[in-house]
Amino acid sequence: MTANSKTGRKPGPGGGPAIQAGSGGMPSLDAPIRVPQNLPLILVLYLLGIFMGAIDTGIVTPARTLIQSALGVDGKTGIWIITIYTLAYAAIIPISGKLADRFGRKVIYIASIALFGAGSAICALSASTGSFAVMLAGRVVQAIGGGGIMPIATAEFGTTFPASKRGMALGLVGGVYGIANILGSTMGSAILDIFGKSRWDFLFMVNVPIAALIVVAGLFILPNTKGAAVRKIDWAGIPVLSAMVLALLYGLRNIDFFNFATSIRSVEVYPFLAAFALLLPVLLYVERRAEDPILALEYFTGRQTLVTLILSFIVGVMMMGMVFVPQFAENALGIASGSGGYFVAVLGIFAGLSGPASGSLIDRFGPKKILYAGFTITLAGALFLILYTVPHPDTAAVIASLAIMGLGLGFTMGTPLNYMMLQNSRAENLNSALATLSLVRSIGTAIAPAIMIGFLAHAGVTAQDKLMSLMPPIEAPRLEQAEKLSRLVDRMKADPRQAAMLTSVQIPSFDVPAAAINIGGASGMGAAPGAGLPADLVAKLQGADVTSIVDVMKELARRMYDEKTPAVMEKIQGGIRAGLAKMEESVASMDASLARIRAGSAGMPGAAAGIEAGKTGLGEVVATMKALDDEIPSAFRKSRDSYMVSIEERRPEIESAFQSALNVGFSQMYITVALASLVGALVLSFYRQRGKTAFATAQSVNEG
């Protein structure tokens, strides 16, 4: 076996770089392990940091709609609470890993924890300031800190334990990460229930004391493990890689995969993807000449590490399906928003069982078989959810599907992939190797929501169409005085003498066509979602769940009713007043005729009597029209209230239609998870695992 002409290192397993003995402070994976005396405390501090950082991924999920409503933004803007965290997190991961290689894990880990705590405090502050910009700033600071927690902690576990126990140790990391990542939504729901939905700032404040504890204890307890090779830091590669990651993730997140041809031409997509393509050769040029590259290109050229990175991307896609579990549970079981987070506990419990177990099993069977098991079990859980739980939603079915998927995810999240990456990386690059793994997984977690949210968005449009078809027909308000007026006019027309007088009087029509107050159309839900509606009502429609959709529809109907009826009432009342003016002219003309008759000949008593009768009839008409004018506002209010009752009577049908429409979106979402599991198993077949893993071989050398 020949050494690489440039590095002098022998190729590692499967063509990847060999694990070589480090120098200075960075332990080699095949060197004897010196276990620190205070190892339990070190592990607690790292695991606590992993738990805090991972739990924040989901803790915001059940409160996202509450936060965006409180800060006055719509759903499209509110999703940036999650998006901006993902972007900043992904951009900082490779940088923090390389800085840990250079300055030591303790320094970068404590700095990361401090930044995460500070960012959490800033996010909490946005509740009192009411500023969405403050929230986004806090999320960026949080993400910069969070990006340095998981890779550094994982690398410490991977080099602190003996080779024969390394799988178990990484399984512990994977278990804590998986449990925290999944239980975040449950904790979010619990905090909202304890402190109230208006006090969502406690979701962030809970991190502050934990971060402070880790920082203070870490200063005294954690060892500062680092590589002794003092090489020039890759200052040129850092901004290029950061810009590339941000451009790629932002562009991909904005693609509408249901309208790909149009969205790819959007200014929020193609300029960023073009920037990524232009920066790629720049990065290759810079990294090939860097003394200590921020991103080791060898990870993408070695077969073993490349397969591992692709699998990490696929696992990232699968993990994002779990983010929507609270919404799925709420929709399937008809429970209020914010309550579905408790069902994520099922995922957490079973992932917590399989995560640590996967590490111990890896020590016996290797990572490949464990990953196969994880993909297979996750596929089974997704298929059960799609084929049984969605058409037969009940608590037992939801729990069963989540339990199976949680068990499968515990075998895939973290442990096997971390093991595989460590197994095929040089000891002096362990931090950056795991950071690269996390970066690629983050790309998967960034792309997946763009697809999955698209499924829900299109399901929402279908739901709106179904809901509008279920809305009761509009009935025109009943105007009693209009009916009385119609009878008076008919009676006058039956009298030949009075009928002649009516020829000069225009009686307006008081029929109110239902179309005039229809709540659909250009400004209702019959148009594009949200078209012409106030921003607060749009936010309520987008944030509605099964338990609130009827109330939201009633509010929509009330708003549209109140918007359209003033014009209808004004038209009717305008006709009344115009008619009254004409009648008053007719009455004045009659008075003049009577005066002439009485001043002239006394031989026309019949004519005078006819005019008197007509005048009396018109007087009744005038009085009735005035009463009608007064009746109109209350009649329209009664009509609106009656319409609200009609909507309430259709509550079961409306809730069922909303639930079934959204379930189509959730089915498509978990079909994506199932397909990702299948693709993951296929890609895994290209990974070459030997009879003995590199770690086991190293351990046998040490023990020999």
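Ala 357 counts as partly exposed, because its relative accessibility is 31%, and this residue of the predicted model lies in helix α16. In sequence Ala 357 stands 53 residues from Gly 410, while in space the C-alpha atoms of the two are 8.6 Å apart.

Beyond the end of α16 comes Gly 366, a residue whose phi is positive, near 90 degrees.

Ile 179, which has its place in helix α8 (residues 163–195), is in contact with Gly 348 and Gly 352 once its neighbours within four places in sequence are left aside. The C-alpha atoms of Ile 179 and Val 344 are 9.6 Å apart in space, although 165 residues separate the two in sequence.

The secondary structure comes to 27 helices and zero strands, and of the 704 residues in the chain, 54% are buried. Among the contacts with a separation of 6 or more, 83% are between residues 24 or more positions apart.

With a relative accessibility of 0%, Phe 204 counts as buried, because buried means under 20%. Beyond its neighbours within four places in sequence, Phe 204 is in contact with Val 60, Ile 67, Ser 120, Cys 123, Ala 124, Met 135, Arg 139 and Gln 142. Ile 59 is 145 residues from Phe 204 along the chain, and the C-alpha atoms of these two are separated by 8.7 Å.

Burial can also be followed over whole helices. In helix α7 (residues 150–160), 11 of the 11 residues are buried, and the buried residues include Pro 151, Glu 156, Phe 157 and Gly 158. Helix α14 (residues 303–323) is also mostly covered, with 17 of its 21 residues buried; from its first C-alpha to its last α14 reaches 31 Å, close to the 30 Å expected at 1.5 Å a residue.

Because Tyr 85 and Tyr 89 are four residues apart in helix α4 (residues 80–103), about one helical turn separates them. An α-helix has 3.6 residues a turn, so residues three or four places apart point the same way. Both tyrosines, Tyr 85 and Tyr 89, are buried.

The rings of Phe 328 and Phe 666 make a pair of another kind: their centres are 5.6 Å apart and their planes stand at 70 degrees, so this pair is edge-to-face. Distant parts of the chain are linked by this pair, since Phe 328 lies in helix α15 (residues 325–333) and Phe 666 in helix α26 (residues 651–684), 338 residues apart. Phe 328 and Phe 666 are both buried. Elsewhere, ring pairs link Trp 80, Tyr 250 and Phe 272 into a cluster.

Helix α26, which carries Phe 666, also meets helix α24 (residues 549–599): the axes of the two helices come within 9 Å and cross at roughly 110 degrees. Angles of 65 to 115 degrees count as roughly perpendicular, and α24 and α26 are therefore roughly perpendicular to each other. Where these helices meet, Ile 549, Val 550 and Asp 551 come from α24, and Arg 651, Ile 654, Glu 655 and Phe 658 come from α26.

How values were computed
Residues are numbered from 1 along each chain as its sequence is written. This is a predicted model: local features need pLDDT of at least 70, side-chain atom pairs count only at pLDDT 80 or more; totals for chains, interfaces and linings use all residues. Side-chain values use heavy atoms; hydrogens and water are left out. Buried means under 20% relative accessible area, exposed over 50%, partly exposed in between (1.4 Å probe, protein chains only). Rings of Phe, Tyr and Trp (its six-membered ring) pair if their centres lie within 6.5 Å; planes under 30 degrees apart count as stacked, over 60 as edge-to-face and the rest as tilted. Contact means heavy atoms within 4.5 Å. Axes are lines fitted to C-alpha atoms, for helices over the stretch in contact, and angles run from 0 to 180 degrees between N-to-C directions. Angles under 35 degrees count as roughly parallel, over 145 as roughly antiparallel, 65 to 115 as roughly perpendicular and the rest as oblique. The expected span of a helix is 1.5 Å times one less than its number of residues.
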